[in-house]
Amino acid sequence: KGNDRLTKMFGLVGIPLAISVHGYTGFILALGKARALWNTALMPTYFLISAMVSGIALMILTVMIKDRFFSPQRKVNRELVSGLSQILVGVILLDLFLAVSDVLVLLTADAEAKEAATLLLRGGLRPYFLGVEVSLGALLPLLLLVFPGTRRNMAAVGVASVLVMIGIITMRYIMVIGGQM
């Protein structure tokens, strides 16, 4: 009973803090008028959703490690991991939608914004954006989490979670470094 109360208290404090930290980071970047890659109204939402993606992936890994190595049964709670994986699929799709929307907005804006989109699609950031963030960090994990043969395999779910976190770290790198290019 004491743990339930603490959990609720931390949730009531932690969730608004997490939303404000990640949303505010995107908000600050969106105010960078001189940086075409940052100056989009999607940035706060993009940062918030990407934080949800990486947070759920980390939660899956934490549950798997805790259950496998630190629980008396030494058995992963497949039902919990499966539920978290389904949520992860949804937020990955939302994150991909925002990434595509961001690029489309850049392509239809002024010349500097088009140049930023070209940097992502054909320029120096292409391997990071299309290779790591989109392919390795979103599409491959989606495939691993959607197909029945792999979504029931705990190793495949673990790999998908690690790939998702690598993809989100890469997205943050692209936004910070790419915005300054």
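Modeller: Start with Asp 67, which counts as buried because its relative accessibility is 8%. Buried means under 20% relative accessible area, exposed means over 50%, and partly exposed lies in between, using a 1.4 Å probe and protein chains only. A word on the ground rules: this is a predicted model, where local features need pLDDT of at least 70 and side-chain atom pairs count only at pLDDT 80 or more, while totals for chains, interfaces and linings use all residues. Residues are numbered from 1 along each chain as its sequence is written, and side-chain values use heavy atoms, with hydrogens and water left out.

Asp 67 belongs to helix α2, residues 43-70. Helices (H or I, at least four residues) and strands (E, at least two) are DSSP runs, numbered from the N terminus. The side chain of Asp 67 makes a polar contact with the side chain of Lys 66, at 2.8 Å. A polar contact is a pair of N or O atoms within 3.5 Å; within protein, one must be able to donate a hydrogen and the other to accept it, and residues adjacent in sequence count only if both atoms are side-chain atoms.

Leaving out residues up to four places away in sequence, Asp 67 touches Arg 74, Lys 75, Val 76 and Asn 77. Contact here means heavy atoms within 4.5 Å. Take Arg 74 from that list. Arg 74 sits in the loop between α2 and α3. Its phi is positive, about 55°, although Arg 74 is not a glycine. With 47% relative accessibility, Arg 74 counts as partly exposed.

Now look at the residues that follow Asp 67. Arg 68 lies over the face of Phe 69, 5.8 Å from the ring centre. The rule for a charge over a ring asks for NZ of Lys or CZ of Arg within 6 Å of the ring centre and within 35 degrees of the ring normal.

Go back along α2 to Ser 50, which is in this helix too. Ser 50 has 0% relative accessibility, so Ser 50 counts as buried. Apart from residues up to four places away in sequence, Ser 50 touches Asp 95, Ile 168, Met 171 and Arg 172.

A nonpolar core is a set of buried Ala, Val, Leu, Ile, Met, Phe, Trp, Tyr and Cys residues joined through side-chain atoms within 4.5 Å. The largest has 50 residues, and Val 53, Ile 60, Val 81, Leu 88, Ile 92 and Leu 120 touch the most other members. Helices α1 (2-30), α2, α3 (78-107), α4 (111-121), α5 (126-146) and α7 each supply at least two residues of this core. Leu 120 shows the reach: beyond its neighbours within four places, its contacts include Leu 37, Val 103, Phe 129 and Ile 174.

Val 157 is buried, with a relative accessible area of 1%. Not counting residues up to four places away, Val 157 touches Ile 60, Val 81, Ser 85, Leu 145, Thr 150 and Arg 151.

Follow α7 itself. Asn 153 caps its N-terminal end, with a side-chain oxygen 2.8 Å from the backbone nitrogen of Ala 155. The helix has 26 residues (154-179) and should span 38 Å; its end C-alpha atoms are 37 Å apart, which agrees. The expected span is 1.5 Å times one less than the number of residues.

Next come the aromatic rings. Rings of Phe, Tyr and Trp (its six-membered ring) pair if their centres lie within 6.5 Å; planes under 30 degrees apart count as stacked, over 60 as edge-to-face and the rest as tilted. By this rule there is 1 aromatic pair. Tyr 128 and Tyr 173 form a tilted pair, 5.4 Å centre to centre and 55° between the planes. Tyr 128 lies in α5 and Tyr 173 in α7, so the pair ties together parts 45 residues apart in sequence.

Last, step back. The chain has 7 helices and 0 strands. Buried residues make up 40% of its 181 residues. Its C-alpha atoms fill a box of roughly 60 × 40 × 20 Å along the principal axes.
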